[in-house]
Amino acid sequence: GAKPEIKALFTDGNTKDLKVSFLTPEERQLFQAKVIYREEDENGFAETKVFESRLSSAQGGSSKDPYEVFDMSIFCTNQQHARDFARFALKVRKDVDHGIKFTTTPQSAMHLEPGQYFRYYSESTHTDRFANGVITDDGTIQTQLDLTAGTTYDVYYWKPADDSFNEVKKAQIKILDNGKAPDTFRGSVFTIAQTNASDRVYKLESLVYGEEGFVEVAGSYQPLTSTGSLAILDWDDDYFEETPE
């Protein structure tokens, strides 16, 4: 339940060349963990044991998920250790879905070491696949959105029928009192720009000196619970179905 100690803050102001890489469906395939460990017997022979665990059905797990075997018998000598590892591996597979890489100054990353946590705060302009539509020649707006008359929206728009209009432009569109669009936007395709702030925590995976004296930082996403603790360590018993052998 402890909150991760954040060692650095990165924003749009002290980073560049941000790259986000999402894991493939194959890399996020849920599984059933089979952990092999060793049970010691004083003045006797050690016995190999197996501990099985999977996510509950409520968490997306299934008895049909493929097995992944982790042989920890060389060093793992108790069931609790095997149980903790299985739960950690299952939660990482379920909750961690992407990583980031960016460039920053040495001063911004000088206190970081691999395995530590940092926060990345970014404000980016993007679009929503449902926040778009078409404006006909008479100004009628055809869209799934409920646009309010008299309200101004930030949009990207393009007129496909106008050969001289060969680029996408950004502008503000104010919906007229009759619910139609002004003359400037008639005959165009549009999408509403949305500005959202993202605030996420990442675990530092690597720190490498790059070109021109900058530092390349790579981190893996670490989702948090509502209390600010790490979701991959949220091991509520209801999340798992386990079979000790």
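Reply: Happy to! D17 lies in strand β2, residues 15-22, where strands are DSSP runs of E with at least two residues and helices are runs of H or I with at least four, numbered from the N terminus. This is a predicted model, in which local features need pLDDT of at least 70 and side-chain atom pairs count only at pLDDT 80 or more, while totals for chains, interfaces and linings use all residues. Residues are numbered from 1 along each chain as its sequence is written, and side-chain values use heavy atoms, with hydrogens and water left out.

Me: What makes the phi of D17 worth a remark?

Reply: The phi of D17 is near 55°, a positive value in a residue other than glycine. N43 also has a positive phi without being glycine, near 60°, and N43 sits in the loop between β3 and β4.

Me: Why is N43 called exposed?

Reply: Exposed means over 50% relative accessible area, buried under 20%, and partly exposed in between (1.4 Å probe, protein chains only). N43 reaches 81%, so the label is exposed.

Me: Is D95 buried or exposed, and how do you know?

Reply: The relative accessible area of D95 is 14%, and therefore this residue counts as buried. D95 belongs to helix α1. Leaving out residues up to four places away in sequence, D95 touches R28, Y221, P223, A231 and I232, a contact being heavy atoms within 4.5 Å.

Me: What makes D95 and K94 a salt bridge?

Reply: A salt bridge needs a side-chain nitrogen of Lys or Arg within 4 Å of a carboxyl oxygen of Asp or Glu. For D95 and K94 the closest N and O atoms are 3.5 Å apart, so the pair meets the rule. K94 is partly exposed, at 24%.

Me: How many salt bridges are there in the structure?

Reply: There are 14. One of them joins K49 to E47, with the closest N and O atoms 3.6 Å apart; K49 is buried at 17%, whereas E47 is partly exposed at 42%. Another links R186 and D183, with 3.3 Å between the closest N and O atoms; R186 is partly exposed at 23% and D183 is exposed at 59%. Shared partners also join R83, D84, R87, D237 and E242 into one salt-bridge network.

Me: Why is H81 called partly exposed?

Reply: The relative accessibility of H81 is 34%, so the label is partly exposed. H81 is found in helix α1.

Me: What makes a set of residues a nonpolar core?

Reply: The members must be buried Ala, Val, Leu, Ile, Met, Phe, Trp, Tyr or Cys, joined through side-chain atoms within 4.5 Å. The largest such core has 15 residues, and F31, A33, V35, F70, A82 and L90 touch the most other members. Two or more residues come from each of β3 (32-39), β4 (47-55) and α1 (79-95), with α1 giving the most, four. Apart from this core lies another, of 13 residues, including A8, A109, L112 and F118.

Me: Which residues does L90 contact beyond its sequence neighbours?

Reply: Beyond neighbours within four places, L90 is in contact with F31, A33, S53, R54, L55 and F240.

Me: How do you know that a space is a cavity and not a pocket?

Reply: On a 1 Å grid over the protein atoms alone, a cavity is a set of points where a 1.4 Å probe fits but cannot get out; a pocket is an open set with protein on both sides within 12 Å along at least five of seven lines, and lining residues have an atom within 4 Å of a point. One cavity of 30 Å³ or more is counted. The largest cavity holds about 40 Å³ and is lined by I135, I141, L147, Y153, V155, I173, I175, F190 and I192.

How values were computed. Points joined across faces, edges and corners; volume = space filled by probe spheres on them.
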